[in-house]
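Please keep the sequence and the structure at hand while reading.

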Amino acid sequence: MPARDEGPLAHRSTYKAFHTVSTRWADNDQYGHINNAKFYEFVDSAVNAHLLVAGALKESIGLVVDSGCRYTSSLAFPDVIEVGIKVDRIGTSSVAYGFAVFRRGSPTPAAIGHFVHVYVDPETRRPKPLAGTLKGVVENLKAE
């Protein structure tokens, strides 16, 4: 099967921020590579770390309501990975993120995907309009 052309999604320059993740032995599955479900953990950690460092999650929390991922190559412990993140769309209370997972130093992603956060009030769990620091941080991640 020929390699799929991922276009700009495959380029590091497409992503606005990167988060480094050190893999662990426990991330490997019985097939000797990092289990696909771990990729979602890495991406969730990358986005939330970016938001927490910026102080953007003081009044809202993000609930994942949609996600998808295409795997283009495998990774395995002890690989160090870099998760590139960007924002594709900003709604009233939601943000659609794009991501790519790269082996450190590799120009080619091992996975490309998306997920959507709906930001809610921590107490009521009802959608809350984006505002303040959170809105500013996600606007800075907006893809061009």
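## A salt bridge between Asp79 and Arg103

In this predicted model, Asp79 and Arg103 form a salt bridge in which the closest N and O atoms are 3.2 Å apart. The two residues belong to distant parts of the chain, 24 residues apart: Asp79 sits in the loop between strand S2 (61-71) and S3, and Arg103 in strand S4 (residues 94-103).

Are the two partners buried or partly exposed? Asp79 has a relative accessible area of 18% and is buried, because buried means under 20%. Arg103, at 32% relative accessibility, is partly exposed.

## Other charged pairs

Side chains of opposite charge can pair when their charged atoms come close. Across the whole structure, a search finds six salt bridges. One of them joins Arg12 and Glu82, with 2.6 Å between the closest N and O atoms. Arg12 lies in the segment before strand S1 (17-22) and Glu82 in strand S3 (residues 80-90), so this pair ties together parts that are 70 residues apart in sequence. Glu82 is buried, at 16% relative accessibility, while Arg12 is partly exposed, with a relative accessible area of 25%.

A further salt bridge pairs Asp88 with Lys86, and here the closest N and O atoms are 2.2 Å apart. Lys86 is buried, with a relative accessible area of 5%, and Asp88 is partly exposed at 34% relative accessibility.

## Order of the elements

The chain has two helices and five strands. Read from the N terminus, these elements follow the order β-α-β-β-β-β-α.

## The nonpolar core

Which residues of the largest nonpolar core touch the most other members? Of its 28 residues, they are Leu51, Val83, Ile85, Tyr97, Val101 and Val138. Several elements contribute: S1, helix H1 (36-53), S3, S4, strand S5 (109-120) and helix H2 (132-140) each supply at least two residues of this core. H1 gives the most, with six residues.

Tyr97 can be followed in detail. Leaving aside residues up to four places away in sequence, Tyr97 touches a list of residues that includes Val47, Leu51, Phe115, Tyr119, Val138 and Leu141. Among its other contacts are Lys86 and Asp88, the two partners of the salt bridge described above. Gly113, His114 and His117 are also touched by Tyr97.

## Size, burial and surface

How does the radius of gyration of the chain agree with that of a compact globule? With 144 residues, a compact globule would have a radius of gyration near 15 Å, and the chain has 16 Å, which agrees. Along its principal axes, the C-alpha trace spans about 45 × 35 × 25 Å.

Buried residues account for 42% of the 144 residues in the chain. The chain exposes about 8000 Å², and carbon and sulfur atoms supply 53% of that area. Of the contacts between residues at least 6 apart in sequence, 70% join residues at least 24 apart.

Technical notes: Residues are numbered from 1 along each chain as its sequence is written. This is a predicted model: local features need pLDDT of at least 70, side-chain atom pairs count only at pLDDT 80 or more; totals for chains, interfaces and linings use all residues. Side-chain values use heavy atoms; hydrogens and water are left out. A salt bridge is a side-chain nitrogen of Lys or Arg within 4 Å of a carboxyl oxygen of Asp or Glu. Helices (H or I, at least four residues) and strands (E, at least two) are DSSP runs, numbered from the N terminus. Buried means under 20% relative accessible area, exposed over 50%, partly exposed in between (1.4 Å probe, protein chains only). A nonpolar core is a set of buried Ala, Val, Leu, Ile, Met, Phe, Trp, Tyr and Cys residues joined through side-chain atoms within 4.5 Å. Contact means heavy atoms within 4.5 Å. The radius of gyration is taken over C-alpha atoms; the globule rule is 2.2 Å times the number of residues to the power 0.38. Accessible areas come from the Shrake-Rupley method with a 1.4 Å probe; for residues, only the protein chains shown count as cover.
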